[in-house]
Amino acid sequence: EKRESRKQKRKKATSRDIPDHFLPKVAIVGRPNGNRAIVVDEPGVTRDRLYGRSFWGEHEFMVVDTGGVVTVSKSQANVMEDLAISTTIGMDGISLASREAAVARMPSMIEKQASAAVEESSVIIFLVDGQAGLTAADVEIADWLRRNYSNKCIILAVNKCESPRKGIMQASEFWSLGLSPLPISALSGTGTGELLDFVCSGLGKIECPENLNEEETYIPAIAIVGRPNVGKSSILNALVGEDRTIVSPISGTTRDAIDTEFVGPDGQKFVLIDTAGIRRRATVASSGSVTEALSVNRAFRGIRRSDVVALVIEAMACITEQDYKIAERIEKEGKGCLIVVNKWDTIPNKNQQTATYYEQDVREKLRTLQWAPIVYSTAIAGQGVEKIIVAASTVEKERSRRLGKRGRVYYCTQAAIRPPTFVFFVNDSNLFPETYRRYMEKQLRSDAGFAGTPIRLLWRSRR
Ligand code: GDP
């Protein structure tokens, strides 16, 4: 029964009722013989079909293999879901089939065949063979992509990088293509989750006129990040209780974060991204430093998917290198942020100034986040946790705010005499009210005279 509701939720989270042609497209290009087709095992999908409807987390898209067949099947998606839950590292539900049908096409042929598909795609996966290494054809394709499609999101995926360590080496020679290579192994699943994450972040918002209004469907995501043991889980538990309702088990896509739906005090819906989870579930014992390093990566992935980040630090502990790294990343990715100083109860002899002193210290040490509000909490007692949500909500609103359009004067010229006539070229003349125009005339007269004669000011909008 639980499984059923999970499925339903995933259905809700995705947008199944959107017709294919409204979905954004992802094109896979690469030199032929690249074994790039993703397995098809859904009945009814014929081998010569070019498009495959596919989803990853909340994103749904059409995959277009410019060489032939591609789709991520429904049953594989279920495998993905199971993997997401069990946090097993392994197949990501996207696997490779060697395609005997791969015709040996020259890049010039690829151009002809694929440009139509690439043209209509918002994301391009450029697949190269890490075992074969860099080839002249790869260089040619890279040039072609860069020349023609620099406005699109191009992801360079280096396939056949089964071993993570060797994979980085294999992938490194592709840097010369002028794109950053992502080692993957479609065979073992290594890196494919990350690839799909990149794909999703490169996808634009779905434009579907009848049922999707961005503002209506936008649910901001709050990632709770920080070093191990600062109290992330305790905050989450205080907010939503131990047994969380999982929004969408695969929406994390990275299998190390679990998303929870949450309704804030003012009725605003949020998705909480819990980046603490895996440590408790992981069975492999690892050293402290490894755990810390892993936790930073996990934080990075949480940050990427979020709108607002709650960076949790511990009141009694020092701010460390990891906190800086996380802070920098938040800023770099343009995410909203609030700093949560948890375990506030552990500070002895607090008085009115304590928070002020503390704030000064935090500001000094986390300079990149000067603009982030600070919230103090004692998660184990449930104190201050709702302030986190209130602050996050405010931050989210600020992050979505647009200043009103302002009037701009590009230049002004005297167009005529008798009477002196001046033309102001502006962005939009409606933005210059009568009061401003009178003020301008006064300024002009005080600077340039014209006593005894009327002067005319004309305001011209420029498009
Ligand atoms: P996480 O690794 O960031 O998820 O941290 P946890 O939520 O697992 O908390 C780590 C430890 O700190 C646990 O033993 C918690 O009980 C404890 N802890 C969490 N929040 C507080 C707090 O506000 N005050 C105190 N004194 N302990 C806390």
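Local features need pLDDT of at least 70 and side-chain atom pairs count only at pLDDT 80 or more, while totals for chains, interfaces and linings use all residues. Residues are numbered from 1 along each chain as its sequence is written.

Q: Which helix gives the largest share of the shell around the ligand?
A: The ligand has 16 residues around it, and G231, K232, S233, S234 and A276 come nearest. A residue is near a molecule if its C-beta atom, placed from the backbone, lies within 6 Å of it. The largest share of this shell, three residues, comes from helix α8 (residues 232–240).

Q: Which element of the protein has the lowest mean pLDDT?
A: pLDDT is the predictor's confidence in each residue, from 0 to 100, and its average over the protein is 74. Strand β11 (residues 336–342) has the highest mean among the elements, 97. The lowest mean, 34, belongs to helix α2 (residues 74–86).

Q: Over which residues is the pLDDT below 50, with 95 contacts in the model beyond near neighbours in sequence?
A: Two residues are in contact if their C-beta atoms, placed from the backbone, lie within 7 Å. Where pLDDT is low, the predicted coordinates should not be read in detail. The stretch with these 95 contacts is residues 68–107.

Q: With which residues is I388 in contact, leaving aside its neighbours within four places in sequence?
A: I388 is one of the residues with the most contacts inside the largest nonpolar core, which has 43 residues. Leaving aside those neighbours, the contacts of I388 are I235, A310, L338, V340, V375 and S377.

Conventions:
Helix = DSSP H or I, 4+ residues; strand = E, 2+ residues; numbered from the N terminus. Core = buried A, V, L, I, M, F, W, Y, C linked by C-beta atoms within 7 Å. Buried ≥ 20, exposed ≤ 12 C-beta atoms within 10 Å, placed from the backbone.
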